[in-house]
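Hello,

Here is the structure I said I would pass on. My notes follow below.

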Amino acid sequence: MIVRIMGEGQVKLDDGHLTELNKLDDELLREVESGDQQGFRRTLGSLLEAVRRLGTPLPDDSLEPSQLILPSPDASLEEVRDMLSDDGLIPG
């Protein structure tokens, strides 16, 4: 799976890591819904760090279609709320 972190680039991520990422995504969804700004900021950082740690960065000049687009680390709670679906940022 190709994941784009807005403002950073793309990462190739094995689908086997989705379970771990979905746990963080579910937590992020709860924090956005409750308006927990501090929890949101912490969990968004953890989610993006997990994608960076578990994935392999693609070259900057690579333009692969992204199956998943994640917000930038400095995205606001409102911006992320607009990106969410019923499943959160990560389907499944």
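**Notes on the model**

L68 touches M1, I2, V3, R4, L89, I90 and P91, leaving aside residues up to four places away in sequence; contact here means heavy atoms within 4.5 Å. This is a predicted model, in which local features need pLDDT of at least 70 and side-chain atom pairs count only at pLDDT 80 or more, while totals for chains, interfaces and linings use all residues. Residues are numbered from 1 along each chain as its sequence is written, and side-chain values use heavy atoms, with hydrogens and water left out.

L68 lies in strand β4 (residues 68-70); strands are DSSP runs of E with at least two residues, helices runs of H or I with at least four, numbered from the N terminus. With a relative accessible area of 6%, L68 is buried (under 20%, 1.4 Å probe, protein chains only).

L89, one of the residues that L68 touches, also meets D25, L28, L47, L70, P71, V80, M83 and L84, again not counting residues up to four places away in sequence.

Regards

Technical notes
Buried means under 20% relative accessible area, exposed over 50%, partly exposed in between (1.4 Å probe, protein chains only).
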